[in-house]
Amino acid sequence: MDNVIKEDFPENRIDHMQYLPGMEVLESEIQQKVIERMEAYDYNKYTEKEVREALRYEVCTPEDFEALLSPAALPFLEEMAQKAQIETRKHFGNSIYMFTPLYIANYCENYCIYCGFNCHNKIRRAKLEEEQIEKEMQAIAKTGLQEILILTGESRKMSDVKYIGRACEIARKYFKVIGLEVYPMNTEEYAYLHECGADYVTVFQETYNSEKYETLHRAGHKRIFPYRINSQERAIKGGMRGVGFAALLGLDDFRKDALATGYHAYLLQRKYPHAEIAFSCPRLRPIINNDKINPKDVHEAQLVQVISAYRIFMPFASITISTRECERVRDNVIKIAATKISAGVSVGIGEHIEENDNVGDAQFEISDGRDVKEVYQAIQKEGLQPVMSDYIYV
Amino acid sequence: MSERNKQEDKLVIGGHSFDSRFILGSGKYSLDLIQAAVEHAGAQIITLALRRANQGGMANIMDYIPEGVTLLPNTSGARNAEEAVRIAKLSREVGCGNFVKIEIMRDSKYLLPDNSETVKATEILAKEGFVVMPYMYPDLNTARDLQNAGAAAVMPLAAPIGSNKGLCTKEFIQILIDEIDLPIIVDAGIGAPSQACEAMEMGAAAIMANTAIATAGDIVQMAEAFKLAVKAGRQAYLSGLGRVMEKGASASSPLTGFISQ
Amino acid sequence: MEIMLNGEKVTCEEGVSLENLLLQMQYDKRQIAAEVNGIIIPKEEYGEYIMKPGDEIEVVTFMGGGCC
C-alpha cells in the first residue's frame, strides 16, 4: 500500500474528547456516571455467592447486573437463561417483533478501522434517490413487514438531515414503525426527523473505553466520543419515543462494555422514564482454530450471558438479535431474551429490487439470510408469536 | 447485594444524617409522655403541628421535647399549596430549623393527601431552602415530580391515616423504593410493629408512626416496640432478605443446550 | 385602640410595639411565630413594629401532631 493515511499516526489525530464546531454540547451527568462505574468494575471480584444472590432477587440492581456479567456467572448460564426467559415472557408475552433494515446510502466520512464502510475502503458507494427509496420500501412492504430501520453511512454531506427526513416521510406511507440508525445529530435535528415520522433512534457506542475508542475511530465526527455517548439523550429531548444502545462486543473488554451499555440505558431510563429502551448485541466473532483461548473473546456462551444479563437487568427493554448471528443462535436467543428479529435482510445498498443498477457494497456479512416468511415460520415453530407491529400512531 | 450493605448506615435527609429510622408523631397523647416516648422510640425526628398560640404562658410542647431532636413541623390544616406554604413559613419562623412535612388534604373524610397540590408546594418550598418531606399517595409519577421539585424525601402512605391497617399500598411503595433516588419514608396507616418491620424489610428508609403508639395501652412500651421492629426490619434488609421469585423452578428443557464454541 | 389577635378583639395602648404586646399577653417569644396582616414579622423586628388600629395579628406555636 503506497497511499499513507495520515491518521494512522496518533500525532495526526484530532482530540477525540473535544466537541467540534456545530456539535450541541449537552450538560448531562450520565456520561460521567457510566464511565466511572465502568472503570470501577472489577468483574474478577465476583463469586458464585453474588451471582446466586443476583438470580434470587426479583429486582436487579446495577450491582447485581455486574455480578451477572462476571466470569463467575458463566457456570450459571442455564439459570440466567431461565430467569431471563421468565422476565421476557412477563413483559412481552410470546411476541417477537419483526423488522428489516434498509440501507439507503453507504457514503461515510469516518475512518473506523474495523468497518467496511470506512472512508478509506475502496468499495462501491451509492445513495438511493427518492424514487429508488420508494421502490425499495414498496418491495419490503409487500413481504408483510410493518417496521423498518433506515440506515445510512455516516456522511452529513452525502446524506444530510433533509435527505434522511425525506426517507422517513416516504417510509410513513408504507410502515407503522420507523427506526433510524444514522450519524449522531443535534436535538433539533432529531426533532425534525421525528416530525418526518421517525420514532426510534439507535446509536452504537461501539466501545465505552474512550482510549480504545480513540485508536479505532481515527478520523471523522464519529471520533468525538462525548458527542456520540450523549446521542440517545439528545434524541429523547428531540421527541423520539425510544432509543437503542449497543457496544460492539469484542472490540474491547466486552464485560466492561456490556456493563456500560446496560448502565447507560438504565440511567437514561431513570432520567426520562417515558423513553423506550432497546439493546442490540453485535459481537466480533472470535477467530476460530486459534488454540490460545482469550478470556475476552465473545463466544456464543458469553453472548448469551450478556443478552440474558441485559434482560434480567432491564426486563422491559427491547432486545434485537442481529443477522450477524446464524439461524441456530437467533432461533434460540428469541426463546430466552431477544424480542426483535430482522428478516429478509440486505446490508448492501439498493438490493431489494432487481432492476436497480445503483448499488453499493455491504457493511458486513450476514449469517442469517432467511426471508420474512422463513423467519415468520421459524418464530411460530418455537411456539412464539411473530408480530409486525403493535403500535398506534398518536 | 453490596449496594444494600452500606457500612455507614445512616438515614440522610437533605444533607442531615440520622441514626434512627423511626420518626415519631407527637399528636394525640399527653405532653408529659412525650419525653419518655421519644426516648424509648429512639427517635431523632418528631413531627409537630402549628396552631394558634394560647395566651398566658400555657404549657408548650417544645418544653417537653428532649434536646437534639429534630423538629419536623407539618402543614396539617392546609387545603392547597398556598396554605401549606404559609404554614411552612410560619413554622420556620418559630425558629426550629427548616424541615417541613407537607400535608395537604382536601378531603376531610379519609384525609387523603392531594398529590398535585403537594407537588406545587414542594417546588415552592424547596426553592425557599426548606428541607421538604412531602406526604403523598404512593404514585410513581407524583414521586418523580416531587423528586424533580426538590423534595428531600418522599413519604407515601401505607393506609388511610389513623386506620392502623398496615401496608395496604405495599406493591406501590415497593415501586417507589425501586425507582426513586430519595429516602422513601412510609407514613400513615402503620398500626403495628410487625407492619413497620415489613416496610423496612422492603427497603423503606424510615417509618413514621403516631396513632399506633398514641392509642396503645402503654404508649412508652409501644414506642420501644416500634423502635425494635424498625431496627429488625432494617437489619434484615441489609442482610439481603429478598423477595421470592414467583417462579423458581427450572424448566425441563434447557435453554442453553444449543451453544457451540 | 382595638386590634385583632388570633381572631379576637383585643384593646391595647397607642404606640405599643409588637414585642411589648406579646410580652403583655405572656407569650414566650422563643416558641412562637407572628404574622401581622398576613405578613410574617421576623422575631428581631418585633420591637420595631408599632401596632396600628385594626391590625390583625396571628400568633402560632407548635402542638402535638403526627399523621393527622
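Which residue does B:Tyr135 stand opposite in E8(B)? The residue is B:Met155. Before I go on, a caution: this is a predicted model.

In chain B, three strands make an open sheet with the order E6-E7-E8, and the pairing is parallel. E6, residues 99-102, and E8, residues 155-156, are the edge strands of chain B; each has a single partner strand, so one side of each has no neighbour in the sheet. E7 of chain B covers residues 131-136, and its parallel pairing with E8(B) runs over 2 bridges. Helix H3 of chain B, residues 115-127, lies across E6 and E7 of that chain. The angle between H3 and E7(B) is about 180 degrees.

Now the chain contacts. Chains A and C have no contact with one another; their closest C-alpha atoms are 30 Å apart.

The contact between B and C draws on 34 residues of chain B and 23 residues of chain C. On the chain B side, strand E4 (45-52) and helix H2 (81-94) each contribute at least two residues. E4(B) gives the largest share of that side, with 6 residues. By residue class, the chain B side that touches chain C divides into 14 nonpolar, 14 polar and 6 charged.

How do E4(B) and strand E5 of chain C pair, parallel or antiparallel? They pair in the antiparallel sense, over 5 bridges, with E5 of chain C spanning residues 56-64. Within that pairing, B:Leu50 has C:Phe62 in E5(C) as its bridge partner.

On to chain C itself. Its secondary structure amounts to 1 helix and 5 strands, in the order β-β-α-β-β-β from the N terminus. The C-alpha trace spans about 45 × 25 × 20 Å along the principal axes of chain C. Of its 68 residues, 28% are buried. Taking the contacts in chain C with a separation of 6 or more, 60% are between residues 24 or more positions apart.

Next, the nonpolar cores. The largest one has 108 residues, and those with the most contacts inside it are A:Leu68, A:Ile148, A:Ile150, A:Ile307, A:Ala309 and A:Tyr310. Take A:Ala309 as an example: beyond its neighbours within four places in sequence, A:Ala309 is in contact with A:Phe65, A:Leu68, A:Leu69, A:Met80 and A:Ala258. A second, separate core has 98 residues, among them B:Ala41, B:Val85, B:Ala151 and C:Leu22. In soluble globular proteins generally, nonpolar side chains tend to be buried together.

Last, two backbone details for anyone checking torsions. B:Ala188 is not a glycine, yet has a positive phi of about 75 degrees. B:Ala188 sits in the loop between strand E9 (185-187) and helix H6 (193-201) of chain B. The other case is C:Gln26, also a residue other than glycine, with a positive phi near 65 degrees. C:Gln26 is in the loop between helix H1 (18-24) and strand E3 (33-36) of chain C.

Are these two residues buried or exposed? B:Ala188 counts as buried because 29 other C-beta atoms lie within 10 Å. C:Gln26 has 11 other C-beta atoms within 10 Å, so C:Gln26 counts as exposed.

How values were computed
Residues numbered from 1 in each chain as written. Chains lettered and ligands numbered in written order. Predicted model: local features only at pLDDT ≥ 70, side-chain atom pairs only at ≥ 80, totals over all residues. Contact = placed C-beta atoms within 7 Å. Helix = DSSP H or I, 4+ residues; strand = E, 2+ residues; numbered from the N terminus. Nonpolar A, V, L, I, M, F, W, Y, C, P; charged D, E, K, R; others polar. Pairing = 2+ DSSP bridges. Core = buried A, V, L, I, M, F, W, Y, C linked by C-beta atoms within 7 Å. Buried ≥ 20, exposed ≤ 12 C-beta atoms within 10 Å, placed from the backbone. Axes fitted to C-alpha atoms, helices over the stretch in contact; angles between N-to-C directions.
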